[in-house]
Amino acid sequence: MPENLSSSHAPDERRVKRLRVLWIGFWVLLFGLTHWPKPPPLGHIPGSDKVMHFIAYFTLALAGGRLWLAQRRALTARWVWMWWAIYATYGAADELLQALPFVHRSCEFWDWAADMAGVSAALAITWAGSSRTSRTADE
């Protein structure tokens, strides 16, 4: 049977691969950007750093959620909490590593809080956007 006529329940493998590359690539880019010495500011807009943290982690978590759904996997509350904990742990480690002397950045609780606000928003959108029929009871 030709690929374009396959079952509607099977994941689109090309889409899954693209989303996987996007998600992993963005995560690597994010790590690199947050551990490279900070360039001198061109100007300062109050709160803009927190907005950038929110957007970066929102994008990371949303890409991960889209990847999960593209694989036609069930989205459960357990999955949401597990990934929230993974992103929270990564975000905390990311902040702590920024305090290393060669990175020349600061470790800030409010940066982590902005990261987690972005993750929470993305996971809530992923949860709300998933079809009720694809959700299974929490195990």
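Colleague: Where does A124 lie?

Modeller: A124 lies in helix 4. Helices (DSSP runs of H or I, at least four residues; strands are runs of E, at least two) are numbered from the N terminus. A124 is partly exposed, at a relative accessible area of 43%; that is the class between buried (under 20%) and exposed (over 50%), with a 1.4 Å probe and protein chains only. A124 is 62 residues from L62 in sequence, and their C-alpha atoms are 9.4 Å apart in space.

Colleague: What kind of model is this, and how are residues numbered?

Modeller: This is a predicted model, in which local features need pLDDT of at least 70, side-chain atom pairs count only at pLDDT 80 or more, and totals for chains, interfaces and linings use all residues. Residues are numbered from 1 along each chain as its sequence is written, and side-chain values use heavy atoms, with hydrogens and water left out.

Colleague: What pLDDT does the protein chain average?

Modeller: pLDDT is the predictor's confidence in each residue, from 0 to 100. The protein chain averages 82, and 78% of the residues score at least 70. Over residues 1–7 the pLDDT is below 50, and this stretch has one contact (heavy atoms within 4.5 Å) beyond near neighbours in sequence. Residues 135–139 also have a pLDDT below 50, but that stretch has twelve such contacts in the model. Where pLDDT is low, the predicted coordinates should not be read in detail.

Colleague: How many helices and strands are there in the protein chain?

Modeller: There are four helices and zero strands, in the order α-α-α-α from the N terminus. Of the contacts between residues at least 6 apart in sequence, 84% join residues at least 24 apart. Buried residues make up 32% of the 139 residues.

Colleague: What span should helix 4 have?

Modeller: The expected span of a helix is 1.5 Å times one less than its number of residues. For the 21 residues of helix 4 that gives 30 Å, and the end C-alpha atoms are 30 Å apart, so the two agree. Helix 2 has 23 residues and should span 33 Å; its end C-alpha atoms are 32 Å apart, which agrees. Just after helix 2, R72 takes a positive phi of about 60 degrees.

Colleague: Which residues of helix 4 are buried?

Modeller: An α-helix has 3.6 residues a turn, so residues three or four places apart point the same way. In helix 4 the buried residues include D111, A114, D115, G118, A122 and T126. Helix 2 and helix 3 are among the parts that cover the buried residues of helix 4. In helix 2, the buried residues include H53, A56, Y57, L60, G64 and W68. Those of helix 2 pack against helix 1 (13–35), helix 3 and helix 4.

Colleague: How many salt bridges does a search of the whole structure find?

Modeller: A salt bridge is a side-chain nitrogen of Lys or Arg within 4 Å of a carboxyl oxygen of Asp or Glu. The search finds three. K50 pairs with D49 at 3.3 Å, N to O. K50 and D49 are each partly exposed, K50 at 27% and D49 at 27%. E108 meets K50 at 3.1 Å, N to O. That pair links distant parts of the chain, 58 residues apart: E108 in the loop between helix 3 (77–97) and helix 4 (109–129), K50 in helix 2 (residues 48–70). E108 is partly exposed, at 30%. The closest N and O atoms of K50 and D111 are 2.7 Å apart in their salt bridge. K50 lies in helix 2 and D111 in helix 4, so this pair ties together parts 61 residues apart in sequence.

Colleague: Does D111 count as buried or exposed?

Modeller: D111 counts as buried, at 3% relative accessibility. D49, K50, E108 and D111 are linked in a network of salt bridges.

Colleague: Which residues make the nonpolar surface patch?

Modeller: Patch residues have over 30% relative accessible area and no salt bridge; like charges are joined within 9 Å, and nonpolar side chains (Val, Leu, Ile, Met, Phe, Trp, Tyr) within 5 Å. Here F31, L97, L100 and F102 make a patch of about 370 Å². F102 sits in the loop between helix 3 and helix 4 and is exposed, at 58%.

Key. Areas by Shrake-Rupley, 256 points an atom, 1.4 Å probe, with all protein chains shown as cover.
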